[in-house]
Amino acid sequence: MNNSIVDEYVGNKIKEVRENKRYSVIEMAELVNVSRQAYYHYEDGKISIPIDRCKTICKYLDIDYIEMMQEALNYTINHINQEIMELQREKENANIQKKW
């Protein structure tokens, strides 16, 4: 996996808030001193946002950085738990098929 679950969560969060506040990508890119393309990649989770830059984005969008990261951690844990349950189901199905 090229991008992390946290990158995807954070990107989705900042995009959602940016759109709700009616800021353009161009405005945000200029505020945090990155190219439009880099900012797009932040929002689509293709690249990780450096911590200092993420905090700056959160400041401009009025997002609580700590709270967002806690949400991202919980989202990641839930995602991993779902993957584990799916792998366990696949293993159980494979064992059942072996018995037949």
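Q: How far is the sulfur of Cys54 from the closest cysteine sulfur, and in which residue is that sulfur?
A: The model is a predicted one. A disulfide needs two cysteine sulfur atoms within 2.5 Å. The closest cysteine sulfur to that of Cys54 is too far for a bond: it belongs to Cys58, at 4.4 Å.

Q: How many disulfides does a search of the whole structure find?
A: Seen from Cys58, the closest cysteine sulfur is in Cys54, and 4.4 Å is too far for a bond. A search that covers the whole structure gives a disulfide count of zero.

Q: Is Cys54 buried or exposed?
A: Buried means under 20% relative accessible area. For Cys54 the relative accessible area is 5%, so Cys54 is buried.

Q: Why do the buried residues of H4 line one face of the helix?
A: The buried residues of H4 are Cys54, Ile57, Cys58 and Leu61. They line one face because, in a view down the axis of H4, they fall within an arc of 100 degrees.

Q: Which exposed residues does H4 carry on the face turned away from its buried side?
A: The buried side of H4 includes Cys54 and Leu61. On the face turned away from that side, the exposed residues are Asp52 and Lys59.

Q: Which residues touch the most other members of the largest nonpolar core?
A: This core has 21 residues. Helices H1, H2, H3, H4 and H5 each supply at least two of its residues. The members that touch the most others are Ile14, Tyr39, Ile57, Leu61 and Met68.

Q: What is the relative accessible area of Ile57?
A: Ile57 lies in helix H4. Setting aside neighbours within four places in sequence, Ile57 is in contact with Ile14, Met28, Val32, Tyr39, Tyr42 and Ile49. Ile57 is buried, and its relative accessible area is 0%.

Q: Which residues does Ile14 touch, not counting those up to four places away in sequence?
A: Ile14 is one of the residues that touch the most other members of the largest nonpolar core. With residues up to four places away in sequence left out, Ile14 touches Tyr39, Tyr42, Glu43, Ile49, Ile57, Leu61, Ile63 and Met68.

Q: How many residues apart in sequence are the parts that Arg18 and Glu43 tie together?
A: Arg18 and Glu43 form a salt bridge, with N to O at 2.6 Å. Arg18 lies in helix H1 and Glu43 in helix H3, so the parts tied together are 25 residues apart in sequence.

Q: Which residues are linked with Arg18 in a network of salt bridges?
A: Arg18 and Glu43 are both buried. Glu19 is partly exposed, at 44% relative accessibility, and also forms a salt bridge with Arg18, the closest N and O atoms being 3.9 Å apart. The residues linked with Arg18 in the network are Glu19 and Glu43.

Q: What is the N to O distance in the salt bridge of Arg89 and Glu86?
A: Arg89 and Glu86 are three residues apart in helix H5, so about one helical turn separates them. Arg89 counts as partly exposed at 42% relative accessibility, and Glu86 counts as partly exposed at 35%. Their side chains meet in a salt bridge with an N to O distance of 2.9 Å.

Note on methods: Residues are numbered from 1 along each chain as its sequence is written. This is a predicted model: local features need pLDDT of at least 70, side-chain atom pairs count only at pLDDT 80 or more; totals for chains, interfaces and linings use all residues. Side-chain values use heavy atoms; hydrogens and water are left out. A nonpolar core is a set of buried Ala, Val, Leu, Ile, Met, Phe, Trp, Tyr and Cys residues joined through side-chain atoms within 4.5 Å. Buried means under 20% relative accessible area, exposed over 50%, partly exposed in between (1.4 Å probe, protein chains only). Helices (H or I, at least four residues) and strands (E, at least two) are DSSP runs, numbered from the N terminus. Contact means heavy atoms within 4.5 Å. The arc is that of the directions from the helix axis to the C-beta atoms. A salt bridge is a side-chain nitrogen of Lys or Arg within 4 Å of a carboxyl oxygen of Asp or Glu.
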